[in-house]
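Keep the coordinates open as you read.

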Amino acid sequence: MLPVVQLKGVTHAYLGDREASLAVEDLNLNVEQGEFVSLVGPSGCGKTTLLSIIAGLLQPSQGEVFVNGEPIMGPSPEVGYMLQQDYLFPWRSILDNAILGLELTGNLTEESRKRTLELLREMGLEGKEHAFPNQLSGGMRQRVALVRTLATNPGLLLLDEPFSALDYQIKLQLEDLVSETLRSRGTTAILVTHDLSEAIAVSSSVILLQRNPGKIRKVFSVPEQIRSAPPLFARDQPGFSELFHEIWKEMEIAGRES
Ligand SMILES: Nc1ncnc2c1ncn2[C@@H]1O[C@H](COP(=O)(O)OP(=O)(O)OP(=O)(O)O)[C@@H](O)[C@H]1O
């Protein structure tokens, strides 16, 4: 089976007025169907650059990027992108926000609208369909953003720190919800996070990047007993803290070298 994401020799330099800054260099990566991969590493190591490239929002200076075997030419409905901010439109109801992606891609039908209502219910937002974003909590709004992203049924989900602005308890609940939803749908996902314990709790593998320039330093596979537990309980599994300390140590060494 083809990997869902393939990066081959991806290099990207941002061009400034006087000089170019090399954000990522010669990156090679395959993400397989159903994998949940986290990208961690120090600020400036190129995590967001990489997601933008995979999302088709940024063309790399060099190298090739494939999603489901097809070269990426621009944003595609196959790829969902969720950010730290929910970017809901304040003048649209929750349901109207949730169906926005379907509208924009010309896929809004009675059937897809019903599926979106069902998703809102699964996310605990029943009764809020006709409310407006300012009537919802931050955690609820982020769940609406998740429904909007999932409504178009993307095979690949890119998550750029989607939980980082939330209270700790809400963040843990959302990690569980997202992880369970993606697992049951078999969606492939790439998460950028600064929270190492979150990365280990939700992922099948954790990719540590280093900076100056951004490169993959090491890939850590998350053991089955951690991976198969819901994120909240994954943190109590044997091997969790050992893996945390192993990655942490490598991060510190990488930090000293960059
Ligand atoms: N639009 C831009 N123009 C110029 N340089 C940029 C631009 N965006 C990012 N960079 C540079 O590219 C490098 C990688 O940035 P990127 O935002 O991808 O890193 P990151 O790992 O996501 O950082 P953080 O963890 O702080 O969000 C950094 O050196 C950054 O300064």
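UniProt positions are given here in the numbering of this text, feature names are shortened, and annotations may be inferred rather than shown by experiment. With that in mind, the UniProt record, an unreviewed entry, places "domain: ABC transporter" at residues 5-236. The model is predicted: local features need pLDDT of at least 70, side-chain atom pairs count only at pLDDT 80 or more, and totals for chains, interfaces and linings use all residues. Residues are numbered from 1 along each chain as its sequence is written.

Over residues 5-236 the chain is 34% helix and 27% strand. Helices (H or I, at least four residues) and strands (E, at least two) are DSSP runs, numbered from the N terminus. The end C-alpha atoms of that stretch are 31 Å apart.

Six strands form an open sheet in the order 6-7-8-3-9-10, with mixed pairing. Two strands pair if DSSP finds at least two bridges between them. Strand 6 (79-82) and strand 10 (215-221) stand at the edges; each has a single partner strand, so one side of each lacks a neighbour in the sheet. From one strand to the next, the twist averages 20°. Inside the order, strand 3 (residues 36-40) and strand 9 (residues 205-210) pair in the parallel sense over four bridges. Val37 stands opposite Ser205 in strand 9.

Helix 1 (residues 47-54) lies across strand 3, strand 7 (156-160), strand 8 (188-192) and strand 9. Helix 1 runs at about 150° to strand 8. Axes are lines fitted to C-alpha atoms, for helices over the stretch in contact (C-beta atoms, placed from the backbone, within 7 Å). Angles run from 0 to 180 degrees between N-to-C directions.

Which element gives the largest share of the shell around the ligand? Helix 1 does, with three residues. The residues around the ligand (C-beta atom, placed from the backbone, within 6 Å) include Tyr14, Ser21, Lys47, Thr48 and Gly214. By class, the shell has three nonpolar, seven polar and one charged residues. Ala, Val, Leu, Ile, Met, Phe, Trp, Tyr, Cys and Pro count as nonpolar, Asp, Glu, Lys and Arg as charged, and the others, Gly among them, as polar.

Now step back to the domains. The chain is divided into domain 1 (5-78 + 156-257) and domain 2 (89-153), with bounds from an automatic or database domain assignment. Their centres, taken over C-alpha atoms, are separated by 26 Å. The contact takes 10 residues from domain 1 and 10 residues from domain 2. On the side of domain 1 that touches domain 2, helix 6 (residues 168-185) gives the most, five residues. That side divides into nine nonpolar, one polar and no charged residues.

Conventions: Contact = placed C-beta atoms within 7 Å.
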